[in-house]
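Dear colleague,

I am passing a structure on to you, and I would be glad if you looked it over before reading my notes.

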Amino acid sequence: MKKILLFAIPALLTACGAQNKNIENADPMEYANTITADELKEHLYTFASDEYEGRNTGEPGQKKAAEYIVNEYKSLGIKAPKGMNNYFQVIPTEYFKGKLKASENVLGFIEGSEKPEEVIVISSHYDHVGIGKEGDIYNGADDGGSGPMALLEIAEAFTKAKKAGYTPKRSILLFHITGEEKGLLGSKYYTENPIIPLENTVANLNMDMIGRIDPAHEGNDNYVYLIGSDMLSTELHELSEEVNNKYMNMDLDYKYNDENDPNRFYYRSDHYNFAKNNIPVIFYFNGVHADYHKPTDTAEKISYSALEKRAKLAFLTAWEIANRDTRLVVDKAEDNSAK
């Protein structure tokens, strides 16, 4: 027995050491490169298939989609946030004023090593609009499909880094949102009933429609529209630019980054419910296309190379926010409640 213990103690110390490497020595690009077009394609061809019936809020297809996400997190060893019995934040039908059936936000959690109480929320809605009156299935491969599948790949990248001993300093909340198509209701519910206090939420990186190439960038898979990065935090905007310049060299298009933009994209996806609470946000977006909210928004039309690049950029930005010594400074806080 004593001999066994003598061998076991050094092994235990080695194992513990592997879990506490200095994250400054990590190369985040090594883990970003685990995000691949092939894996994104495999996920999305399933998630945006007819089997999921357009993932309408509260309906069987949406619930099946939620189970898909949960099963992926279980396979990665990612747990639900502390205090939750499972991965589901249930939104009762009463919240929808009886117009929708009860639905679920899906949350995974990676606890930080040094500042676990501070959290970066990476989000994307996974619902879509269901089945049309003529029986057409609105699969929502780009809208409601590309973002959450990118989020799964980002989760896997953080998990692989953690297994290699590089746990982020701050915690990561992986937030798959329901009810976006009904008026940003899932994210509204969360910010009114947060699992983690909003005052501890450092930033929200939100992805919605990141799998296509719009007419303005035809033939270019190396761009993304960024919206909101400088609305609340100058530091977040500068960080985002620095990360891109260091690792990705994508074309960052700020065409829609204007509160007065007639499209009002800043107000039209789930990040806005965080921004209303003076939490800095970045909204990653590919722009509009002819298949928006049509049955023709299907998996074969996705640019998987573009989706891969955008997911990598979001991961690398989250990595930088999570591992900075100091929390992002909010220098443009304002009252957004009336907007």
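Below is what was found in it.

This is a predicted model, in which local features need pLDDT of at least 70 and side-chain atom pairs count only at pLDDT 80 or more, while totals for chains, interfaces and linings use all residues. Residues are numbered from 1 along each chain as its sequence is written, and side-chain values use heavy atoms, with hydrogens and water left out.

Buried here means under 20% relative accessible area, exposed over 50% and partly exposed in between, with a 1.4 Å probe and protein chains only.

Leaving aside neighbours within four places in sequence, Tyr73 is in contact (heavy atoms within 4.5 Å) with residues including Ile78, Tyr87, Leu151 and His176.

His289 belongs to the loop between strand 8 (281-285) and helix 9. With a relative accessible area of 11%, His289 is buried, and, not counting residues up to four places away in sequence, His289 touches Asp142, Met209, Arg212 and Asp297.

With kind regards

Note on methods. Helix = DSSP H or I, 4+ residues; strand = E, 2+ residues; numbered from the N terminus.
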